[in-house]
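Let's walk through a strand and a helix together, one question at a time.

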Amino acid sequence: MKNQFVVTIGRQLGSGGYRIGQALAESLGISFYAKELLDIASQESGLSKEFFENADEQPSSHFIGGFFGINLPFAGEGLSLSNNCLCHDELFKQQSHVIREVAGRESALFMGRCADYILRDHPKLISIFIHASTQERVQRLVHRDHIDEDHAHHLIRKADKSRSAYYNFFSNKEWGAAESYDLCIDSGKMPDEEIVSFLKHYIELRLR
């Protein structure tokens, strides 16, 4: 643990945060975790990966399927129902356990999933949030996903609502608010490669 550090990145849809995170992890020579965490959580819990994917960064009303929960199949059972009932909070706890376990054994970069809150007691945590103007985000989605601007606006509104509800529900902080992170950066102000270089330098300075 002495020389290990963790970087967490929260990001707005269309900000380029995912690609920046991948490139930053590669530049720092550390592991990159995003949806890979769902695979590990599924394997360790024995629950179907489908349910972790369905609940991934989604707002919670305390329980999946309402106050009485929903029967969740274990891995390998397909869509057949089991007698095991798991609330949304428990899915979050399973994922949190995996994040802490990974951070305890290696330096890593985590994308989203409240990792900054989950790892808030880590001695070498650096939390970053990547955002951009709505127009920048729309144009990224239009070119990346080959969709029209109206559809891009719809996806952005939906993602912002979902991610903020998830983060605000499971943490005691506000998604996207400057005070919730060590550093917030507008990805529309510099090319991605320059942002990666800047963030790497910032992290290196922080770790001295």
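Q: How many bridges pair strand S1 with S4?
A: This is a predicted model, in which local features need pLDDT of at least 70, side-chain atom pairs count only at pLDDT 80 or more, and totals for chains, interfaces and linings use all residues. Residues are numbered from 1 along each chain as its sequence is written, and side-chain values use heavy atoms, leaving out hydrogens and water. Strands (E, at least two residues) and helices (H or I, at least four) are DSSP runs numbered from the N terminus, and two strands pair if DSSP finds at least two bridges between them. S1 (residues 6–11) runs parallel to S4, with Val6 opposite Leu125, and the number of bridges is six.

Q: Which residue of S5 is the bridge partner of Ile130?
A: S4 also pairs with S5 (residues 183–186), in parallel, over four bridges. In S5, the partner of Ile130 is Ile185.

Q: How many of the seven residues of S4 are buried?
A: Buried means under 20% relative accessible area, exposed over 50%, and partly exposed in between (1.4 Å probe, protein chains only). S4 (residues 125–131) is largely enclosed by the rest of the structure, because its buried residues number six.

Q: Which helix do the buried residues of H6 pack against?
A: The buried residues of H6 are Arg137, Val138, Leu141 and Val142. They cover an arc of only 135° around the axis (taken from the directions from the helix axis to the C-beta atoms), so they lie on the same side of H6. The face turned away from them carries the exposed His143 and Arg144. The buried residues pack against H7 (149–170).

Conventions:
Contact = heavy atoms within 4.5 Å.
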